[in-house]
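Hi,

Here is the structure I said I would pass on to you. Please have a look at it first; my notes on what turned up follow below.

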Amino acid sequence: MPFFLRVGDDGKAKVCETNSSQLGLDGPAHKGKIWLDGDVICLQFPSIDNITVAGRPPLQIVSHMVRFPADERGMTAAEAVLHVRQQMMQKGNEALLLAFAERGTDHSAILRLYKEILP
Amino acid sequence: MGLFGDLFNRRDREIAELMNPVLAMKLREFVLVDDDPSYVKHYFKFRNKEGEDEEFITVYRRVGSQLEYLRTMSRRAVWGPEFQTLSESGPWSMTITHLIEQGQRLSSNTRPTRGHFASKIGPSTPTQPTKSEAQTVEPPRSAETPSPVGMDAVRAFSSEVRKNPNGYAVWMHEPNPGEFVVLLVTLDRDGSMTGGWSLGSFSSRKEQGAFALEVARELQISLNDVVPASEQKSAAPTSDDLTYSVAEMDNQKFPPSHGTIWLDGDEIWLGQATKDFSFDGRSYHIPGSMVCFARAKAAREGLLNVLRKERDLWAPGNEASVKARLIAHAEKLRR
């Protein structure tokens, strides 16, 4: 995948070339699936399993979906959720991952936590 | 007092009775139930205005020479034959306070009763568990290692646990190195253990964790790991001691997505997989793509447009029109 499109601040796309081996279609671990259901953005994340940390039982964050209106405001909120998902898997943010893991199998608790931490 | 004073006083009483229904009932029986080494209970039987009996039990735990309030349970005809635990923060809170005060007042002049049925309602110190029951245990310091009881035995607890899910928890404990025990414990209002059952002992932490998680899900209660204070870490966990695995995503599976998306730095990436299909003996190819979008209004609109086009392209409908759309799209990309 040496070529990709970059859509800039002005909304214009240009073809870019990269040598990065990371630009495969698989994407990083914090990726999600996205689709439109009518005028609703659906964002779904896979489960995170076997979360183990010293002194804690194995935990899990179930696969879950968050929905937003398909407009500028909804897209901004979806970005914030993508940001949370990225952050929770970064070094130094283990507490964030555990905060979700402690609510891991309760979908409504997971959504409440998103609401609490989203700007 | 006059007419208005009389009316307002009557209104005040009605409101008070609404808030605390016990005020409108007649106390017919009070029993100081005192034959358990760990618990003392105050049993009240009232007769309400409808002529029905309503029973309450306030439960206390012995802490040295003091009694610590645990919970209030009640049995009313409309609720069925079982005692239910009353919510402390709900509409019963004034009644509970009233019963606690009334119980303290009455118990000072009441002789303790042994063998009353209320002794077996709510928490009690078990005497001789049968083999078919989960075994009672001391707090986690105990080194008992019973065999796993299995989920059938766990389900036997479910009706009682669901009445008061905050009063129970699943605890994982390692009383001795290499001995991994799962406990179902009863908790007081402060979350301290008041009793419990050992649900099983396992030879690995993985088995212990899997079973504990299954029990916590089945009973819909919290799961905790009991770590001796000497082993507790004061610092937050670090990546050195945290591991996890992320499940695979299959884009072909329902729901059919328009692509995978993630954030990288200050850009949003959208990856779309290659799609191949054939109609009437002819193959068509829609190549995959990778697009990154700036986090700006115009770029967000661009991303939404991509998603809308995908939605419209794959929209279910009559087979001929879907086929025509896909062929037209593939032909356009080929050119």
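Strand β5 of chain A (residues 48-53) is joined to β11 of chain B by four bridges, and the two strands run antiparallel. One residue pair to look up there is A:Asp49, whose bridge partner in β11(B) is B:Ser245. Do keep in mind as you read on that this is a predicted model.

The rest of the interface between the two chains is worth a tour as well. On the side of chain B, 58 residues are in contact with 56 residues of chain A. About 5000 Å² is buried between chain B and chain A, and carbon and sulfur atoms give 65% of that area.

How many salt bridges are there between chain B and chain A? The count is five. One of them pairs B:Arg300 with A:Glu79, where the closest N and O atoms are 2.5 Å apart. Polar contacts across the interface of chain B and chain A come to 20 residue pairs, both residues being at pLDDT 80 or more.

Several elements of chain B each supply at least two residues of the side that touches chain A: the helices α5 (205-219) and α6 (297-314), along with β10 (222-226), β11 (242-246), β12 (259-264), β13 (267-272) and β16 (289-294). The largest share of that side comes from α6(B), with nine residues. Sorted by residue type, the side of chain B that touches chain A has 29 nonpolar, 15 polar and 14 charged residues.

Five strands form it in the order β1-β2-β3-β4-β5, with antiparallel pairing. Which strands are at its edges? They are β1 (26-33) and β5 (84-85) of chain B, each of which pairs on one side only. Between β1(B) and strand β2 of chain B (residues 39-47) there are seven bridges, and these strands run antiparallel. Within this pairing, B:Glu29 has B:Lys45 in β2(B) as its bridge partner.

Last, the aromatic rings. Over all chains, the count is eleven aromatic pairs. Take A:Phe100 and A:Tyr114: the ring centres are 4.9 Å apart and the planes are at 55°, so this pair counts as tilted. The pair links distant parts of the chain, 14 residues apart, with A:Phe100 in helix α2 (residues 94-101) of chain A and A:Tyr114 in helix α3 (residues 107-117) of chain A.

Best wishes

Note on methods. Residues numbered from 1 in each chain as written. Chains lettered and ligands numbered in written order. Predicted model: local features only at pLDDT ≥ 70, side-chain atom pairs only at ≥ 80, totals over all residues. Heavy atoms only, no water. Contact = heavy atoms within 4.5 Å. Buried area = accessible area lost by both parts, 1.4 Å probe. Salt bridge = Lys/Arg side-chain N within 4 Å of Asp/Glu carboxyl O. Polar contact = N/O pair within 3.5 Å; in protein donor to acceptor, adjacent residues only side chain to side chain. Nonpolar A, V, L, I, M, F, W, Y, C, P; charged D, E, K, R; others polar. Pairing = 2+ DSSP bridges. Phe/Tyr/Trp six-rings, centres within 6.5 Å; stacked < 30°, edge-to-face > 60°.
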